[in-house]
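Work through the exercises below with the sequence and the model open side by side, and try each task before reading its solution.

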Amino acid sequence: MITQPYHLYVERTDATKNMARFYAMAIEPNLFGEACLTRCWGRIGTNGQTMSHHFETEREAVALFLDLLRQKKRRGYSATVRQSCPDVR
């Protein structure tokens, strides 16, 4: 059972490089009650790609969530208020 919501949407844009990327993540329970980290990324304005990771505990999912967040911040992604990927709510 997930104790609190985990949702993230970040973007990275650079007009000089014609770069407009998004990255979205969410941790939600699956049908079996396991924690499921769903990631979605791609060019802004597209559906992008999706990947799901299944964990037995919420703690494991949160650890990966935070590691990925640190990676994205290091690469220049910043939080923005916007709709997330259709697969990640």
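This is a predicted model: local features need pLDDT of at least 70, side-chain atom pairs count only at pLDDT 80 or more; totals for chains, interfaces and linings use all residues.

**Exercise 1.** Determine how many helices and strands the chain has, and in what order the elements run.

*Solution.* Begin by counting the elements, which gives one helix and five strands. Next, follow the chain from the N terminus, where the order reads β-β-β-β-α-β. Finally, consider the contacts between residues at least 6 apart in sequence: 48% of these join residues at least 24 apart.

**Exercise 2.** Find which elements give two or more residues to the largest nonpolar core, and which of them gives the most.

*Solution.* Start with the core itself, which has 16 residues, and in which Leu8, Tyr23, Met25, Ile27, Leu37 and Phe65 touch the most other members. The elements that supply two or more residues to this core are strands S1 (6-14), S2 (19-29) and S3 (35-43), together with helix H1 (58-74). Of these, H1 gives the most, with five residues. Then examine Phe65, whose contacts, once neighbours within four places in sequence are set aside, are Tyr6, His7, Leu8, Met25, Ala26, Ile27 and Leu37.

**Exercise 3.** Decide whether Arg75 is buried or exposed, and locate Arg75 in the chain.

*Solution.* First place Arg75 in the loop between H1 and strand S5 (78-79). Because the relative accessible area of Arg75 is 54% and the cut-off for exposed is over 50%, Arg75 counts as exposed. Lastly, compare Arg75 with Arg12: the two are 63 residues apart in sequence, while their C-alpha atoms are 8.4 Å apart in space.

Technical notes:
Residues are numbered from 1 along each chain as its sequence is written. Side-chain values use heavy atoms; hydrogens and water are left out. A nonpolar core is a set of buried Ala, Val, Leu, Ile, Met, Phe, Trp, Tyr and Cys residues joined through side-chain atoms within 4.5 Å. Buried means under 20% relative accessible area, exposed over 50%, partly exposed in between (1.4 Å probe, protein chains only). Helices (H or I, at least four residues) and strands (E, at least two) are DSSP runs, numbered from the N terminus. Contact means heavy atoms within 4.5 Å.
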